[in-house]
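Q: I have a new structure open and would like to learn how to read it. Could you walk me through a few features?

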Amino acid sequence: MTAFDFSDVEAFLDCHPDLFEEYLVRKAKCDQVSRWLKEHQPSKVSTTEERRSAARDPLWPANPDGLRRRSSHMELRRNFARSKATTAHRTYDEHVSLSEHESQSSMRRRALLRKASSLPPTTAHILSALLESRVNVPQYASSAIDYKYRLKETNEREFFLELVKDISNDLDLTNLSYKILINVCILVDADRCSLFLVEGPAHKRTLVSKFFDVHSGTTVRPSSSTLNSNEVQVPWGKGIIGYVAEHGETVNIPNAYEDHRFSDEIDKLTGYKTQSILCMAICNSDGEVIGVVQAINKNPMGAPFTEDDEKVLQMYLPFCGISISNAKLFSESRKEYERSRALLEVVNDLFEEQTDLEKIVRKIMQRALTLLQCERCSVLLLEDTDSPVVKFSKTFELMSPLCNMDCDISMEKLSCSDWLINNSIAELVASTGLPVNISDVCQDPRFDTEADQASGFHIRSVLCVPIWNRTHQIIGVAQILNRLDRKTFNDADQRLFEAFVIFCGLGINNTMMYNQVKKTWAKQSVALDMLSYHATCSKVEVDRLKAAKIPLSTELGIDEFHFNDFSLDNDAMITASLRMFLELGVVQKFKIDYEVLCRWLLTVRKNYRTVAYHNWRHAFNVSQCMFVMITTASFQDVLSDAEILALMVGCLCHDLDHRGTNNAFQAKTGSALALLYGTSATLEHHHFNHAVMILQSEGHNIFANLCSKEYSHMMQLLKQAILSTDLTLHFESMLMTACDLGAVTRPWKISKQVAELVTSEFFEQGDRERSELKLTPAALLKLNRKLQPMVDGIDANRKKWQELCSSYQQTRRASVSNQSIEPSQNPESNENPESTQMVKLVENTMFGSKSKASHNLKCRVNKDSWDDKAAPAGNLKK
């Protein structure tokens with residue numbers, strides 16, 4: 001798009017006056033027309049006014065555009081100010097500069113809104129765009145100087161109101177100061193004016209002027225940025241200005257050289273002679289001095305300021321005080337807005353980057369340099385937060401690009417004593433947890449001047465605060481050095497920096513936690529890799545089992561209910577397990593790879609611990625019981641092939657990685673298993689997850705040839721089978737529960753041996769409860785004496801049942817041998833009728849019909865077994 005200069009547009013409008021007139025009628029506003037009429041109304045100034053203007057300064061030629069310029073003395077004073085590094089001014093056309101400023105402001109606002117709309121709709125960007133579009137300094141053009149002079153001659157009341165209105169609607173302190181100086185020059189006919197504002201705390205106040213020696217004929221480009229501008233500072237109570245500020249009195253001096261408080265240094269350098277001075281304090285609504293205005297040399301040159309000048313200025317300055325107070329309040333609100341926006345941006349940065357510590361610290365330091373306008377920022381992180389000895393493990397440094405050194409440092413070292421500039425203050429803050437704000441390090445004994453000289457970086461002021469984490473522990477310190485404007489860090493800077501560091505602490509803490517999680521995950525990955533290597537079988541074992549000849553089930557004896565698993569060693573139990581899978585036909589039906597099956601069986605055995613009872617032998621015993629029940633009771637006609645495979649796999653895996661303790665012990669100790677799986681079926685969930693982990697290991701998935709739907713169904717069946725071994729859920733799968741407790745159905749010798757193993761394991765748990773939990777476990781056979789009648793009743797009933805069983809057996813034997821004998825001749829016909837009824841009750845309730853009684857009855861009652869007081873194995877399961 002072609003860019004047009006203002007001269008091109010002006011030339012076009014001059015050539016097309018009709019178009020300009022039509023545009024003016026359509027677009028012009030009432031206030032614009034009124035302002036044009038004011039500026040172009042006929043002049044009512046008399047010839048005496050023209051003579052007065054000429055007499056005001058013969059060096060000022062009349063200028064048709066209303067601007068008066070003085071080239072000699074002003075230029076000399078300007079050069080002197082530059083040489084003394086106090087201030088520098090540029091003259092410009094007021095109206096053109098104002099339009100340029102408005103254009104730049106509007107362009108900046110549009111650019112900001114474009115930026116906000118192009119970014120994701122985060123809170124920081126939306127609020128920044130909203131606040132930036134609302135919190136802007138209103139810009140108002142100052143009335144023309146000639147117009148003010150005309151009003152002063154014609155209508156003093158309107159003139160005074162015009163001066164008040166001129167400053168009442170400006171909230172930019174720089175523009176306001178300029179307007180006040182111009183208006184004071186016109187008000188008291190002064191040749192030069194200066195304005196000094198009070199800055200600093202009450203104990204260290206100074207008078208600062210950004211506009212020095214401004215006259216009504218020269219306009220100075222206002223600038224809100226004080227970063228590169230120079231200021232004139234006057235100590236409190238020093239000189240004429242300091243005296244007026246300290247005492248609040250008006251000073252009117254006809255001859256400045258006769259006053260001992262006056263310094264003629266500037267006059268000697270510039271050739272400009274100061275004669276009369278009028279200096280008056282500016283107060284706020286509370287009567288506090290907030291500034292001092294100084295008028296020099298009343299026109300005509302050399303005339304003293306009159307009492308009327310004092311009265312008029314005394315009437316005008318209260319309005320100036322109100323406007324300055326409002327501008328300061330607005331400036332503070334702008335600063336708070338900038339600070340709030342910076343904190344929002346910090347929070348946004350924290351959410352955007354929480355994975356790399358160096359990146360997030362660099363962002364934090366960049367924000368700190370921009371927000372607090374300092375030369376250098378550093379962040380130091382402690383090596384050990386619990387150690388009483390302060391030692392920094394990581395150090396980050398960043399230099400502002402606006403300072404003199406052309407370097408950008410972002411470096412990390414494990415030992416920061418040889419890198420950090422003067423870390424004595426940082427160590428003090430880290431040890432005490434209190435912020436340190438040093439305005440002049442040379443006067444502070446805590447500062448190491450030798451380290452400062454050796455570093456090559458001169459430190460003037462330091463602000464150092466601790467960094468806290470979420471648990472209110474100090475994890476490091478943040479430190480900023482040297483404000484760019486060469487001032488000291490004040491209380492507002494400290495409050496802002498402390499609030500800033502709170503968010504920094506959260507971000508650094510989150511990033512450090514993320515790094516710890518990454519390290520923990522890496523350690524876990526390595527540990528799992530090691531466990532996987534040591535918990536899986538070797539290739540030699542797989543090859544040996546794969547090549548081995550598998551005996552038949554009849555040869556192994558695994559097809560009998562009274563099978564004794566103690567007759568087999570560990571390797572024989574592996575081959576027997578392999579035989580069970582082969583005879584059930586699941587290897588062929590589900591296309592299980594034979595080598596994978598061998599590897600899976602060996603790995604399952606390896607993942608059982610060497611505890612007393614819940615070990616690999618118990619798992620094999622349960623699976624053999626399941627095998628014989630399925631093959632003997634014709635369960636293959638009732639159960640599906642998937643259910644049979646799931647039950648067999650569940651039996652072998654149902655106690656994987658058992659620790660020899662029950663669920664109650666896991667809950668009491670608050671073990672990792674209880675935290676991971678909860679207190680309901682803790683071990684059973686762990687057994688299932690361990691089984692899944694083995695199946696998912698490389699070369700162990702015996703379900704690999706199942707489709708997705710079949711695999712999902714198989715895993716559900718497997719989970720149900722393993723979880724049902726928890727006795728609180730035993731109704732879920734009666735087959736699994738029956739096999740898990742099947743040891744009580746073995747011959748007495750085997751059953752007693754199993755019961756002893758279970759009891760031994762529980763005694764070991766009791767010892768651990770006593771040593772680790774300081775608990776006294778309840779004795780298994782200890783009984784409250786008051787409950788002894790219940791035990792006696794049980795013993796009496798047991799004897800009665802034994803008698804009935806013996807009587808029933810005798811009756812059945814007699815009935816079989818004497819079927820042809822009449823009932824009246826039967827020797828047992830005289831037996832007790834009560835006994836006959838009880839025999840029938842036993843027959844009907846326990847053994848079913850008489851036709852099946854003789855076949856199913858296998859009552860093995862051994863009275864001595866009760867005297868051994870051995871607890872059944874099933875009652876002690878988990």
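A: Gladly! Let's begin with strand pairing: two strands count as a pair if DSSP finds at least two bridges between them. Keep in mind that this is a predicted model. Here, strand 7 (residues 374-382) pairs with strand 11 in the antiparallel sense, over seven bridges.

Q: Which residue is the bridge partner of Val379 in strand 11?

A: Val379 is partnered by Ala478.

Q: How many bridges join strand 10 to strand 11?

A: Seven bridges join them, and the two strands run antiparallel. Strand 10 covers residues 462-468, and its Val462 stands opposite Leu481 of strand 11. Strands 10 and 11 also form a hairpin, with five residues between them.

Q: Is strand 11 enclosed or open, and how would I tell?

A: Look at burial, where buried means under 20% relative accessible area. Ten of the ten residues of strand 11 are buried, so this strand is largely enclosed by the rest of the structure.

Q: What can I read from a helix in the same way?

A: In general, an α-helix has 3.6 residues a turn, so residues three or four places apart point the same way. Helix 8 (residues 145-154) is mostly covered, with seven of its ten residues buried. Among those buried are Tyr147, Lys148, Arg150 and Lys152.

Q: Where are Asn297 and Arg486 placed?

A: Asn297 belongs to strand 6 (residues 289-298), and with 0% relative accessibility it counts as buried. Arg486 lies in the loop between strand 11 (474-483) and helix 17 (491-535), and at 61% relative accessibility it counts as exposed.

Q: Which residues touch the most other members of the largest nonpolar core?

A: The general idea is that in soluble globular proteins, nonpolar side chains tend to be buried together. In this structure the largest nonpolar core has 66 residues, and Phe581 and Trp600 touch the most other members. Helix 24 (residues 641-653) gives the largest share of this core, ten residues. Leaving aside residues up to four places away in sequence, Phe581 touches several residues, including Val586, Leu597, Trp600, Leu645 and Met648. A second, separate core of 36 residues includes Phe159, Leu176, Ile182 and Leu197.

Methods: Residues are numbered from 1 along each chain as its sequence is written. This is a predicted model: local features need pLDDT of at least 70, side-chain atom pairs count only at pLDDT 80 or more; totals for chains, interfaces and linings use all residues. Side-chain values use heavy atoms; hydrogens and water are left out. Helices (H or I, at least four residues) and strands (E, at least two) are DSSP runs, numbered from the N terminus. Buried means under 20% relative accessible area, exposed over 50%, partly exposed in between (1.4 Å probe, protein chains only). A nonpolar core is a set of buried Ala, Val, Leu, Ile, Met, Phe, Trp, Tyr and Cys residues joined through side-chain atoms within 4.5 Å. Contact means heavy atoms within 4.5 Å.
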